Amino acid sequence: VAQQLLTSEHGADLGGEERIVTMLLADLSGYAALSEQLAPADVVTLLNTYFALTGEIIDRYHGCIVEFTGDGFLC
């Protein structure tokens with residue numbers, strides 16, 4: 001979006017546009033209980049792996065993560 005605004009001759013079109021999109025809200029099932037049993041470093045490793053793998057798939061389909069919420073995300 002930022003790139004489109006910077007390269008557009010007309011700037012922002014405040015009228016908006018209609019699109020058909022897919023939204024995904026995901027989190028890890030049982031994360032709270034699991035995180036209590038793991039060492040902090042293992043929790044970080046788990047989350048980094050989870051976000052890296054799901055991020056690759058989201059990128060492959062030209063999606064974007066809008067918000068991280070602890071162990072989950074909205075894209």
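Modeller: On a 1 Å grid over the protein atoms alone, a pocket is an open set of points where a 1.4 Å probe fits, with protein on both sides within 12 Å along at least five of seven lines. Its volume is the space filled by probe spheres set on the points, which are joined across faces, edges and corners. The model is predicted, so to speak of local features requires pLDDT of at least 70 and side-chain atom pairs count only at 80 or more, while totals for chains, interfaces and linings use all residues. Numbering starts from 1 along each chain as its sequence is written, and side-chain values use heavy atoms, without hydrogens and water.

The second largest pocket holds about 210 Å³ of space. Its lining (residues with an atom within 4 Å of a point) consists of T22, M23, L24, T54, I57, I58, Y61, G63, C64, F73 and C75. Eight of these residues are nonpolar, three are polar and none is charged, with Tyr and Cys counted as nonpolar and Gly as polar. Helix 3 gives the most to this lining, with three residues.

Helix 3 spans residues 40-60 and lies across strands 1, 2 and 3, at about 20° to strand 3. Contact here means heavy atoms within 4.5 Å; the axes are lines fitted to C-alpha atoms, for helices over the stretch in contact, with angles from 0 to 180 degrees between N-to-C directions.

The three strands form an open antiparallel sheet in the order 1-3-2, where pairing requires at least two DSSP bridges. Strand 1 (25-26) and strand 2 (67-69) stand at the edges with a single partner strand each, so one side of each lacks a neighbour in the sheet. Strand 3 (residues 72-74) pairs with strand 1 over two bridges. F73, a lining residue of the pocket, is the bridge partner of A26.

Overall, the protein chain follows the pattern α-β-α-α-β-β, from DSSP runs of at least four residues for helices (H or I) and at least two for strands (E), numbered from the N terminus.
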